[in-house]
Amino acid sequence: MNLHAGSVSNFTATPPSVFSRLRQGVTEMDSLWDVGSLTDLSELIWTQLVQAEGNPGHPWRLPVLATGARSHPNARVVVLRGVTRPGFELLAFSDSRTSKVAELTKYPHGVWLFYDPREQVQVRAFSEVRLHMEDTVADTYWHRLPDGSRHNYLTEEAPGSEAPEPSRGRILAPGNAGRFAVIVGKVTRLDWLWLKPEGHRRAEFRRSGTTWDGSWLVP
Ligand SMILES: Cc1cc2nc3c(=O)[nH]c(=O)nc-3n(C[C@H](O)[C@H](O)[C@H](O)COP(=O)(O)O)c2cc1C
């Protein structure tokens with residue numbers, strides 16, 4: 001099996017949220033998430049998602065992507081490869097032969113689960129998914145990938161196929177983008193939950209064009 005984590009080993013690095021808190025003079029007792037307005041909260045969620053992309057120390061860089069129609073759920077960790085605003089899209093890369101791509105082809109909806117264990121904040125991003133394979137979008141991202149990362153999408157055998165021994169599989173020559181898939185989730189709804197010691201908080205946001213309609217929920 002190929003992992004696509006790149007340099008995720010620096011998982012314990014200080015998250016950018018801590019730096020921004022220090023810049024804002026927020027003390028240890030306060031939290032970044034202690035915001036009273038729903039507009040500020042949706043803004044903060046998207047700021048954090050943008051910060052997570054490309055930042056190996058950020059806990060939201062490794063979301064769980066859940067797929068599947070009602071009777072066949074599935075879930076796995078992926079690397080968050082892109083966040084667009086105001087498109088409100090989340091991007092991940094994969095091999096086009098994986099189960100997730102097959103599932104998303106059949107049922108193009110995915111839930112991206114982000115969790116920050118330090119802040120005890122969970123965000124579920126519900127999305128409509130489109131897949132890019134052997135098209136100009138896939139080509140653009142493929143050409144931006146460093147050579148070292150391309151081997152993740154270049155095994156001769158499909159990911160998940162049986163191997164006679166522990167093995168990463170036979171790697172094909174670089175240059176072949178045929179198995180590369182870009183997963184784009186257009187977020188339509190967000191569910192935010194904060195396990196705050198003094199009382200948990202939860203909010204939901206539904207996308208309305210380029211803005212988010214929020215409501216507080218009972219956790
Ligand atoms: C830290 C980590 C990062 C991963 N990143 C990705 C990724 O970006 N894309 C991907 O397809 N699989 C990634 N994987 C592997 C998936 O979790 C999964 O095992 C694999 O893609 C097969 O999933 P599927 O059969 O459900 O498609 C990652 C796994 C780990 C542990």
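The model is a predicted one, in which local features need pLDDT of at least 70 and side-chain atom pairs count only at pLDDT 80 or more, while totals for chains, interfaces and linings use all residues. Residues are numbered from 1 along each chain as its sequence is written.

Of the 219 residues of the chain, 28% count as buried; a residue is called buried if 20 or more other C-beta atoms lie within 10 Å of its own, exposed if 12 or fewer, and partly exposed in between, with C-beta atoms placed from the backbone. Two residues are in contact if their C-beta atoms, placed from the backbone, lie within 7 Å, and among the contacts with a separation of 6 or more, 62% come from residues 24 or more positions apart.

Strand β6 (residues 121-133) runs antiparallel to β7 and is joined to β7 by 13 bridges, with A125 having L190 as its bridge partner in β7. Strand β4 (residues 89-95) also pairs with β7 (residues 180-194) in the antiparallel sense, over 7 bridges, and here D95 stands opposite F180. Strand β8 (residues 201-208) pairs with β7 as well, antiparallel and over 6 bridges, and R189 stands opposite R206 of β8. The hairpin of β7 and β8 has 6 residues between the strands, and in this hairpin G199 takes a positive phi near 145°.

A52 is found in helix α2 (residues 38-52) and counts as buried because 24 C-beta neighbours lie inside 10 Å. Leaving aside neighbours within four places in sequence, A52 is in contact with H58, W60, R61 and L80, and the C-alpha atoms of A52 and V83, 31 residues apart in sequence, are 8.9 Å apart in space.

A69, by contrast, has its place in the loop between β1 (64-67) and β2 (74-77), and A69 is exposed because 10 other C-beta atoms lie within 10 Å. Not counting residues up to four places away in sequence, A69 touches K106 and Y107. A69 and P108 are 39 residues apart in sequence, and their C-alpha atoms are 9.1 Å apart in space.

Definitions and conventions: Two strands pair if DSSP finds at least two bridges between them. Helices (H or I, at least four residues) and strands (E, at least two) are DSSP runs, numbered from the N terminus.
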